[in-house]
Amino acid sequence: MVFLSKLHLRSADQGFWEVVQRVEKRSAEIAAHPFRVLLEDKSGTSARRTVLSTEHGEIQTPHFFPVGTLGVVKTLTPRELHESNVQAMLSNSYHLYLRPGLDILKQAGGLHKFMRWDRPILTDSGGFQVFSLADIRKVHPDGVRFQSHLDGSYHEFTPASVVSIQRHIGSDMMMVLDLCPPYPCSHGQADEWNRLTTKWAKMAQSAEQEQPLLYGHRQNLWAIVQGSTYHDLRRESAAALIDLNFPGYAIGGMAVGEPKSIFHELVPLTAELLPKDKPRYLMGVGFPEDLLRCVSWGIDFFDCVLPTRNGRNGCAFTWNGRVIIKAARHKEQFIPLDAGCACYTCQTYDRAYLRHLFVCDEMLGLRLISLHNIHFYQDLMRQMREHIEGGDFSSWLESVLPRVEQKDS
Ligand SMILES: [Zn+2]
């Protein structure tokens, strides 16, 4: 009997420790990435210097994520992104779910290995793409049904399935499935979608706890504040999501066609509602002047297709505004895009040659301007970090804004 009870005790003990270890492992998996506010701007704005630590490296903020929707920052290699000082990039759940699909991502060992990018990745949930790209969508209380924009096939996203997609991708920061109201949107509709976005955020959190990590590294799930252009709804959305204690907060539904005046009113208002000790991410924004202003309102993270999309259309962003390279006046300009830029394009080529490439539809032209734009955006963010640290961010901002806003330099 004694022997038996000892055996019994030992196995009960083992069971207990296994449970403790499992719980500890789960807690470690869903623990927040360390995030520190290094300093707040002392020159009169709400800008701040922070650092987010992931298992793929640190991200110093303010930071801009170049967009690699399909697992590639269009036309550029990870080596070129490294050389442009890109600390972290963004990819997209909707697109990667459709192509290459979850099975291939899992076989590859996740997106980092698949695309040979060893730094942090943030993935958007796909909510925005379902509404901007997919053909037919039906919102129901537990998710959204849609037709692929590629072949018309039917699919359904739920808060849990979108977490599963991001587990397969292995992104360091995952986003919850949300409903992004179009502009304009009635108060009633925005209110209804807000409630669903909050409900889905809770469902996504449960899914995060239930679904194990596939590749070992920690993944955090961030929430998205919605509420269209309505102050009361922005406040309600932020309050409800803050109650759920996410490790990071995004502001969604901005830059969706609303007038600039509304953008300038809502971003600072919403940023102020967010916890000071958590990352703040403004989704889908924007032009260099937008980034400068939004950093002054307290935003830490940004993403946007502009540097690469406009780059492929021959629009370069520089410290002296946009350069439209196809313009006839660049035909004999034997000067770089931006004399102050250290990128390969500016160090090697002049505007006349870049214009020639665009006029002849040569692919190198798209690559060279994309490369410059990615480098310029990272340089812009680096200089913002330096001026916040230097204590002169506000006066520097005033001097640099009118220059970068010029339409064709
Ligand atoms: Zn350059």
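Helix α9 packs against helix α10 (residues 260–273) at an angle of about 25°, the two axes lying 10 Å apart. The model is a predicted one. Angles under 35 degrees count as roughly parallel, and α9 and α10 are therefore roughly parallel to each other. Their crossing is right-handed. On the α9 side, the contact is made by His231, Arg234, Arg235 and Ala238, which meet Leu266, Leu269, Thr270 and Leu273 in α10. Sorted by class, the residues of this contact comprise four nonpolar, two polar and two charged.

Helix α9 (residues 231–243) also packs against helix α8 (residues 187–210), here at an angle of about 10° and with the axes 10 Å apart. This angle makes α8 roughly parallel to α9. From α8, the residues Ala190, Asp191, Asn194, Thr197, Thr198 and Ala201 take part, and they meet Leu233, Glu236, Ser237, Ala240 and Leu241 in α9. The contact of α8 with α9 divides into five nonpolar, four polar and two charged residues.

Three strands form an open sheet in the order β7-β8-β9, and their pairing is antiparallel. Strands β7 (137–140) and β9 (154–157) are the edges, each pairing on one side only. From one strand to the next, the twist averages 15°. Between β7 and strand β8 (residues 143–147), which run antiparallel, there are four bridges. Within the sheet, Lys138 stands opposite Arg145 in β8.

Conventions: Residues are numbered from 1 along each chain as its sequence is written. This is a predicted model: local features need pLDDT of at least 70, side-chain atom pairs count only at pLDDT 80 or more; totals for chains, interfaces and linings use all residues. Axes are lines fitted to C-alpha atoms, for helices over the stretch in contact, and angles run from 0 to 180 degrees between N-to-C directions. Helices (H or I, at least four residues) and strands (E, at least two) are DSSP runs, numbered from the N terminus. Angles under 35 degrees count as roughly parallel, over 145 as roughly antiparallel, 65 to 115 as roughly perpendicular and the rest as oblique. Two residues are in contact if their C-beta atoms, placed from the backbone, lie within 7 Å. Ala, Val, Leu, Ile, Met, Phe, Trp, Tyr, Cys and Pro count as nonpolar, Asp, Glu, Lys and Arg as charged, and the others, Gly among them, as polar. Two strands pair if DSSP finds at least two bridges between them. A crossing is left-handed if the near helix is turned anticlockwise from the far one by less than a right angle, and right-handed if clockwise.
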